[in-house]
Amino acid sequence: MNNRVRALRKECGWTQSDLAEKLEVSRQTINAIETGKYDPSLSLAFRISLLFMARIEDIFLFQAPPTPRK
């Protein structure tokens, strides 16, 4: 899932460690989210959206997998 976490974090002038501290997760978790290697739980996604004062769907950009051809 693509996301805008890195861009939003940088707009706030925060490091990954800063954001991790605010969300009470590890810096490695933030890095994994930003690089698309980890999709956060719904609870963490809500905390991220509240912190950035944005809707979840404006931060996390879901792309449905292509449908197989018959």
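## Basis of the model

The model is predicted, so local features need pLDDT of at least 70 and side-chain atom pairs count only at pLDDT 80 or more, while totals for chains, interfaces and linings use all residues. Residues are numbered from 1 along each chain as its sequence is written, and side-chain values use heavy atoms, with hydrogens and water left out.

## Overall layout

The chain holds five helices and two strands. Helices (H or I, at least four residues) and strands (E, at least two) are DSSP runs, numbered from the N terminus. In sequence order the pattern is β-α-α-α-α-α-β. The C-alpha trace spans about 50 × 25 × 20 Å along its principal axes.

Of the 70 residues, 31% count as buried. Buried means under 20% relative accessible area, exposed over 50%, and partly exposed in between (1.4 Å probe, protein chains only). Contact means heavy atoms within 4.5 Å. Among contacts with a separation of 6 or more, 51% come from residues 24 or more positions apart.

In helix 2 the buried residues are Gln16, Leu19, Ala20 and Leu23. Viewed down the axis of helix 2, these buried residues fall within an arc of 100°, so they line one face of the helix. The arc is that of the directions from the helix axis to the C-beta atoms. An α-helix has 3.6 residues a turn, so residues three or four places apart point the same way. The cover over the buried residues of helix 2 includes helix 1, helix 3 and helix 4.

The axes of helix 2 and helix 3 come within 8 Å and cross at roughly 110°. Helix 2 and helix 3 are therefore roughly perpendicular to each other. Axes are lines fitted to C-alpha atoms, for helices over the stretch in contact, and angles run from 0 to 180 degrees between N-to-C directions. Angles under 35 degrees count as roughly parallel, over 145 as roughly antiparallel, 65 to 115 as roughly perpendicular and the rest as oblique. Helix 2 contributes Gln16, Ser17, Leu19, Ala20 and Leu23 to the contact, and helix 3 contributes Arg27, Ile30, Asn31 and Glu34. By class, this contact of helix 2 with helix 3 has four nonpolar, three polar and two charged residues. Ala, Val, Leu, Ile, Met, Phe, Trp, Tyr, Cys and Pro count as nonpolar, Asp, Glu, Lys and Arg as charged, and the others, Gly among them, as polar.

## Helix 4

Helix 4 covers residues 42–52, and Leu44, Ala45, Ile48, Ser49 and Phe52 are buried in it. Seen down the axis of helix 4, its buried residues lie within an arc of 140°, so they line one face of the helix. The face turned away from that buried side carries the exposed residues Leu42 and Leu50.

The buried residues of helix 4 pack against helix 1 (5–11), helix 2 (16–23), helix 3 (27–34), helix 5 (56–59) and strand 2 (60–61). Serine 49, in helix 4, is buried with a relative accessible area of 7%. Beyond its neighbours within four places in sequence, serine 49 is in contact with Ala54, Arg55, Ile56 and Ile59.

## The nonpolar core

The largest nonpolar core has 15 residues, and those with the most contacts inside it are Val5, Leu19, Ile48, Phe52, Ile59 and Phe60. Such a core is a set of buried Ala, Val, Leu, Ile, Met, Phe, Trp, Tyr and Cys residues joined through side-chain atoms within 4.5 Å. Helix 1, helix 2, helix 3, helix 4 and helix 5 are the elements that give two or more residues to this core. Helix 4 gives the most, with four residues.

Leucine 19 belongs to helix 2 and is buried, with a relative accessible area of 0%. Not counting residues up to four places away in sequence, leucine 19 touches Val5, Arg9, Trp14, Ile30, Leu51 and Phe52. Isoleucine 59, leaving aside its neighbours within four places in sequence, is in contact with Asn2, Asn3, Arg4, Val5, Leu8, Ile48, Ser49, Phe52 and Ala54.

## Two residues with positive phi

Glutamate 24 lies in the loop between helix 2 and helix 3. Glutamate 24 has a positive phi of about 60° although it is not a glycine, and is exposed, with a relative accessible area of 74%.

Methionine 53 is in the loop between helix 4 and helix 5. Methionine 53 is not a glycine either, yet has a positive phi of about 50°, and is exposed, with a relative accessible area of 77%.
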